[in-house]
Amino acid sequence: MQIIVCENYEELSRKGAELIAAEVKSNPAAVLGLATGNTPIGIYRYLVESYNKGELDFSNVKTYNLDEYLPIDPTDENSYCAFMHYHLWDKVNLKAENCHIPAGNVGMEKAAAECAAYDKQIEAAGGIDLQLLGIGRNGHIGFNEPGDHLLAGTHAVELTESTMAANGPLFENPADMPRHALTMGMGAIFAAKKVLLVANGKNKHDAVMGLLADEITTALPASLLKLHQNLILLCDKEAYNG
């Protein structure tokens, strides 16, 4: 594991964008695994800036997002699909057909088929070259929540109360927040050639310390990432020092 500790969120965002940009420059047809949430927003902002300066070309890049709410329409402003359009997809020269995210509007009865198809798409693309991850306060990765076991493939999951409490305020009416989601499993994440895990703020300190501790447990899904052959932990001082 490579650990990079930044002074603050802006430095973290700039460094994260630099690492992703380096991947794209070295492999113009890179397959990127992308994440949503507050932490990656700065990274996407810096990537857009680099693109606008003519420093990056995304025309042959493919992206696959970690997760999406279920059920939710992709045009819903609270969807992760809408988030990606707003923060990255519509602001660089990514081709629409190269931007992928689990379909949150398939309905629970078709969720398993959607998940299986999503894994096959990633496999057909040659797998993910660089996977960007955030980390939840309880150590969840994507929507792989703490539990007795973790699933390998993309799957539907019932959201925990802590996740509902953290994400609910983002909805105009928190009661409208979906109680389920589709998420890549730990197997799909582990198959990435490189993993970039980003964390900022004091509220992520315990999760980061859990990742750095000796124990590997499904009670803290992020702790499994210690086993990955090419993991970069990128965090600010507040997340690292508490």
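This report describes selected helix contacts, salt bridges, individual residues and backbone features of one protein structure. The model is predicted.

**Helix α2 and its surroundings**

Helix α2 spans residues 39-52 and packs against helix α3, residues 80-87, at an angle of about 35°. The axes of the two helices are 10 Å apart. On the α2 side, the residues that meet α3 are Ile41, Tyr44 and Val48. Their partners in α3 are Phe83, Met84 and His87. By residue class, this contact of α2 with α3 consists of five nonpolar residues and one polar residue, with no charged residue.

The buried residues of α2 are Thr39, Pro40, Gly42, Ile43, Tyr44, Tyr46, Leu47, Val48 and Ser50. Tyr44 and Val48 therefore belong to the buried residues of α2, with buried standing for under 20% relative accessible area, and both also take part in the contact with α3. The cover over the buried residues of α2 includes helices α1 and α3 together with strands β2 (31-34), β6 and β9. Just after α2, Gly54 adopts a positive phi of about 80°.

**Salt bridges**

The count of salt bridges comes to five. Three of them are set out below, each with the distance between its nitrogen and oxygen atoms.

| Salt bridge | N to O distance | Separation in sequence |
|---|---|---|
| Glu10 and Arg45 | 2.8 Å | 35 residues |
| Asp129 and Lys193 | 3.3 Å | 64 residues |
| Arg179 and Glu161 | 2.8 Å | 18 residues |

The side chains of Glu10 and Arg45 meet in a salt bridge. Glu10 lies in helix α1 (residues 9-26) and Arg45 in helix α2, so this pair ties together parts that are 35 residues apart in sequence. Glu10 counts as partly exposed at 32% relative accessibility, and Arg45 is likewise partly exposed, with a relative accessible area of 32%.

Asp129 forms a salt bridge with Lys193. Asp129 belongs to the loop between α4 (111-124) and β6 (130-133), and Lys193 to the loop between α6 (186-190) and β9 (194-199), so the pair ties together parts that are 64 residues apart in sequence. Asp129 counts as buried at 11% relative accessibility, whereas Lys193 counts as partly exposed at 42%.

Arg179 forms a salt bridge with Glu161. Arg179 sits in the loop between α5 (161-167) and β8 (180-183), while Glu161 is in helix α5, so the pair ties together parts that are 18 residues apart in sequence. Arg179 is partly exposed, with a relative accessible area of 40%. Glu161 is exposed, with a relative accessible area of 55%.

**Val5 and the surface patch**

Strand β1 covers residues 2-6 and contains Val5. Together with Met1 and Ile3, Val5 forms a nonpolar patch on the surface, and the accessible area of the three residues together is about 240 Å². Val5 is partly exposed, with a relative accessible area of 35%.

Leaving aside residues up to four places away in sequence, Val5 touches Cys235, Asp236, Lys237 and Tyr240. Val5 and Ala165 are 160 residues apart in sequence, and their C-alpha atoms are 28 Å apart in space.

**Asn65 in strand β3**

Asn65 lies in strand β3 (residues 62-65). At 0% relative accessibility, Asn65 counts as buried. Residues up to four places away in sequence being set aside, Asn65 touches Leu34, Ala35, Thr36, Met84, Trp89, His100, Ile101, Pro102, Tyr118 and Met184. One of these contacts, Met84, is also among the α3 residues that meet α2. The C-alpha atoms of Asn65 and Gly142 are separated by 9.4 Å, although the two residues are 77 residues apart along the chain.

**A cis peptide bond**

Most peptide bonds are trans. The bond that joins Leu70 and Pro71 is a cis peptide bond, with omega of about -5°. Pro71 lies in the loop between β4 (67-70) and α3.

Key: Residues numbered from 1 in each chain as written. Predicted model: local features only at pLDDT ≥ 70, side-chain atom pairs only at ≥ 80, totals over all residues. Heavy atoms only, no water. Patch = residues over 30% accessible without salt bridge, like charges linked within 9 Å, V, L, I, M, F, W, Y side chains within 5 Å. Areas by Shrake-Rupley, 256 points an atom, 1.4 Å probe, with all protein chains shown as cover. Salt bridge = Lys/Arg side-chain N within 4 Å of Asp/Glu carboxyl O. Helix = DSSP H or I, 4+ residues; strand = E, 2+ residues; numbered from the N terminus. Buried < 20%, exposed > 50% of the residue type's maximum accessible area, 1.4 Å probe, protein only. Axes fitted to C-alpha atoms, helices over the stretch in contact; angles between N-to-C directions. Contact = heavy atoms within 4.5 Å. Nonpolar A, V, L, I, M, F, W, Y, C, P; charged D, E, K, R; others polar.
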